Amino acid sequence: MDWQERYVNGDTPWDKNAPAPAINQISLQKPALLSPGRKVLVPGCGYGYDALALAELGLDVTGLDIAELALQKASILTPDNLSVEWLAADAFQLPASRHHRYDMVWEHTFLCAIAPEMREEYVKAMWRYLKPNGCLLGVFFTNPDMAPGEGPPYKIPRSEITELMGSLFALEWETEPTEHYPGREGREHIMLFRRLSSCCE
């Protein structure tokens with residue numbers, strides 16, 4: 001899929017013009033996960049709403065997207081008092097200087113947007129970018145049966161997520177969001193996966 005072209009054409013039905021509501025819930029229930037100074041990678045950040053919300057909590061955030069146009073808008077939206085790195089790159093091919101650099105990966109509608117055959121590489125890539133004992137935390141769209149064009153392109157139920165992640169991560173905590181975008185009630189899971197020490201270079 002040509003994500004840059006989608007942004008050029010304004011074909012972005014996933015854009016909600018606001019960060020994931022669950023970020024607020026996580027900050028209240030698990031504040032240590034979002035403690036100031038932690039380095040966070042946000043793959044597929046789009047216009048950067050989630051990345052900016054995390055930066056407002058004091059985290060050191062890198063917003064990553066392959067669509068440069070999306071990052072141009074994200075940069076414009078960034079308040080002067082926030083420092084967010086906007087990185088235009090392929091999320092599967094970051095250089096060695098980015099390996100073992102982040103305390104956390106924030107996942108939100110990235111996994112369900114990539115082709116199923118790329119999922120194992122996604123897990124390996126996120127493992128590479130995390131520090132030892134780092135974590136992958138996110139809002140997973142686990143029940144995306146919606147009208148055409150309203151939901152993500154590829155379904156991935158909770159059972160498949162845990163099986164996919166199991167070789168390199170351990171599920172440490174999960175809950176259902178109490179705050180949602182309209183129409184996503186009962187369709188999402190908040191899940192925290194802890195990086196295992198398995199070799200994946």
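**Entry 1**

The model is predicted, so I kept to its limits: local features need pLDDT of at least 70, side-chain atom pairs count only at pLDDT 80 or more, and totals for chains, interfaces and linings use all residues. Residues are numbered from 1 along each chain as its sequence is written, and side-chain values use heavy atoms, with hydrogens and water left out.

I then took Leu 41, whose bridge partner in β4 is Val 105. β1 and β4 pair in the parallel sense over two bridges; two strands count as paired if DSSP finds at least two bridges between them.

β4 and β5 (residues 130-141) pair in the parallel sense over six bridges. I also checked the cover of β4: seven of its seven residues are buried. Buried means under 20% relative accessible area, exposed means over 50%, and partly exposed is in between, with a 1.4 Å probe and protein chains only.

**Entry 2**

In what order do the seven strands of the open sheet run? I read the order as β3-β2-β1-β4-β5-β7-β6, with mixed pairing. The edge strands are β3 and β6 (169-175), each of which pairs on one side only. From one strand to the next, the twist averages 20°.

**Entry 2: helix α3**

I turned to α3, which spans residues 49-56, and found seven of its eight residues buried. They are Tyr 49, Asp 50, Ala 51, Leu 52, Ala 53, Leu 54 and Ala 55. What covers them includes the helices α2 (22-29) and α4 (68-77) and the strands β1 (39-43), β2 (60-65), β3 (84-88) and β4 (102-108). Contact here means heavy atoms within 4.5 Å.

I noted that α3 lies across β1, β2, β3 and β4, and runs at about 155° to β3. For such angles, axes are lines fitted to C-alpha atoms, for helices over the stretch in contact, and the angles run from 0 to 180 degrees between N-to-C directions. After α3 comes Gly 58, which has a positive phi near 100°.

**Entry 3: helix α5 against the sheet and α6**

α5 lies across β1, β4, β5, β6 and β7 (188-195), and runs at about 135° to β5. I then looked at its packing on another helix. Two packed helices are described by the angle between their axes and the distance between the axes. For α5 (residues 119-129) and α6 (residues 158-165) I have an angle of about 55° and axes 10 Å apart. The two are therefore oblique to each other. Under 35 degrees would count as roughly parallel, over 145 as roughly antiparallel, 65 to 115 as roughly perpendicular, and the rest as oblique.

Which residues meet where α5 packs on α6? On the α5 side I listed Arg 119, Glu 120, Tyr 122 and Val 123, and on the α6 side Glu 160, Leu 164 and Met 165. They divide into four nonpolar, no polar and three charged. Ala, Val, Leu, Ile, Met, Phe, Trp, Tyr, Cys and Pro count as nonpolar, Asp, Glu, Lys and Arg as charged, and the others, Gly among them, as polar.

I also looked up Lys 124, which lies in α5. At 36% relative accessibility, Lys 124 counts as partly exposed.

**Entry 4: two phi values**

Most residues other than glycine have a negative phi. I found a positive value, near 55°, at His 100, in the loop between β3 and β4. His 100 is partly exposed, at 34% relative accessibility. Asn 133 has a positive phi of about 70° and sits in strand β5. At 52% relative accessibility, Asn 133 counts as exposed.

**Entry 5: Phe 110**

Is Phe 110 buried or exposed? I have it as buried, at 12% relative accessibility. Phe 110 is in the loop between β4 and α5. Not counting residues up to four places away in sequence, Phe 110 touches Pro 43, Gly 44, Ala 91 and Tyr 122.

Key:
Helices (H or I, at least four residues) and strands (E, at least two) are DSSP runs, numbered from the N terminus.
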